[in-house]
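Colleague: I am new to reading protein models. Could you walk me through this one, feature by feature?

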Amino acid sequence: MTQRLYYNDAYLTVFDATIVEVTEGGRRVYLDRTALYPTSGGQLFDTGTLGGRRVVDVVDEESRIAHLLAEPLAQTSGSVEGRVDWARRFDHMQQHTGQHLLSAVLEDLYGWKTVSVHFGDETSTLDVDAGAAPRAKLDAAEWRANEVIAENRSVGVSYEDAAAATGLRKATERSGEIRIVTIAELDRSACGGTHVRATGEIGGLLLRRVEQVKQGTRIEFVCGLRAVARARADYASLSGIAASLSCGVDEAAAVVAQRMEAAREGEAARRKLAKELDAYRARERYEATPPDARGVRRVVERRAEGSLDDLKGFAHAVCALPRAAFVGVLAASGRVLVGTSEDSGLVAGTVLKDALAAAGGRGGGSPRMAQGAVAVARAEGVVQAVLNAWDRET
Ligand SMILES: [Zn+2]
């Protein structure tokens, strides 16, 4: 049985303990007592050192706690000094106590019960049984939580019999003696984690992303220095956006919305002009192309590169004219596009499919419009094959 020193003093960072057992070649160590917190109840393990060796994981094995080390411990018995990485531990204490506070405020204000909690390396989340969590309600809860932080209420630990303990936020499944963490005049919760001694040490609480999940609503939150670091990163990102828009950070969202709308309008205007240009150029090429023996004008468009969509726009413009056929190629990518007008008597799909198959390419389409791709060196050969096939039909 390992004595858990963190139960009664979450601020203990240096301790002496007696080695009980060492396994895995000195990398897994059991002690008679420890201040290093093992991953449990959602709270992540502490790091630190044991006998000068780095602690990389702490595992709760119910009656015992295993300390996993980066390098083997030199000794297998006797006394050893342990140290807790305080920055990491205190951060966990801030997030964990902040979670108790947030759960209490959400339930007291709105009756939303916490169904699960996840503490992450960057942010933590809390799931409540609410179908929807309007932003205004979340903002009010955030404000209330920060008021309680400023009130610096005491956070204490007591041990009570589970059957006799009253006023717990959530009924415990345990029996016998339970550990209860109390935020003065706000919350009593059964918990085995590490907490700060007064709400002021939570530092501050910031709500972030909110999303609907199967069991209700997931609320992301950060506390203490993490909240400061997060707000700092948010400001850096927002001020970068504002600088590129030459506006203030408070105007950035509105300016982005304006620019997006302007871009959409610009794109619509560009498409309209491109269509008009395609129609104009199609007519020009059509008139410059002599009709074949059956009176069909076959426009061949060779482009080094460009988008297939642009080529399609031009193909549709050509094929909208009477007795017209179109063969287009993007030489750099080996893309081939074939089109025919309804009254041309020529087909696109099967003709292109056959020509591509013979050249080791792939593609096809409808009798009116077809597309495909082939090795770049063979693209021109496919163009000729399509024209030859049409010659045979003529
Ligand atoms: Zn707790």
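This is a predicted model: local features need pLDDT of at least 70, side-chain atom pairs count only at pLDDT 80 or more; totals for chains, interfaces and linings use all residues.

Colleague: What counts as a strand, and what counts as a pair?

Modeller: Strands (E, at least two residues) and helices (H or I, at least four) are DSSP runs, numbered from the N terminus. Two strands pair if DSSP finds at least two bridges between them.

Colleague: In what order do the four strands of the open sheet come?

Modeller: The order is β9-β10-β15-β14, with antiparallel pairing. The edge strands are β9 (114–119) and β14 (205–213), each of which pairs on one side only. From one strand to the next, the twist averages 20 degrees.

Colleague: How are such angles taken?

Modeller: Lines are fitted to C-alpha atoms, for helices over the stretch in contact, and angles run from 0 to 180 degrees between N-to-C directions.

Colleague: Which strands does helix α1 lie across?

Modeller: Helix α1 (residues 86–110) lies across β9, β10, β14 and β15, and runs at about 25 degrees to β10. Helix α3 also packs on this sheet, touching β14 and β15, and its direction makes about 95 degrees with that of β15. Contact has a cut-off: the C-beta atoms of two residues, placed from the backbone, lie within 7 Å.

Colleague: What is the order of the open sheet of three strands?

Modeller: That order is β11-β12-β13, and the pairing is antiparallel. Its edge strands are β11 (155–161) and β13 (187–190). Here the twist averages 30 degrees from one strand to the next. Seven bridges join β11 to strand β12 (residues 177–183). Valine 157 has valine 181 in β12 as its bridge partner.

Colleague: How do I describe two packed helices?

Modeller: Give the angle and the distance. Helix α3 (residues 224–245) and helix α4 (residues 252–288) pack at an angle of about 50 degrees, with their axes 10 Å apart. That makes α3 oblique to α4. The scale is this: under 35 degrees is roughly parallel, over 145 roughly antiparallel, 65 to 115 roughly perpendicular, and the rest oblique.

Colleague: Which residues of α3 meet α4?

Modeller: Leu238, Ile241, Ala242 and Leu245 in α3 meet Ala252, Val255 and Val256 in α4. By class, the contact has seven nonpolar, no polar and no charged residues. Nonpolar covers Ala, Val, Leu, Ile, Met, Phe, Trp, Tyr, Cys and Pro; charged covers Asp, Glu, Lys and Arg; the others, Gly among them, are polar.

Colleague: What domains does the chain have?

Modeller: The assignment gives domain 1 (3–84), domain 2 (90–244) and domain 3 (274–393). Such bounds come from an automatic or database domain assignment. The C-alpha centres of domain 1 and domain 2 lie 28 Å apart. Nine residues from domain 1 and twelve residues from domain 2 make the contact.

Technical notes: Residues are numbered from 1 along each chain as its sequence is written.
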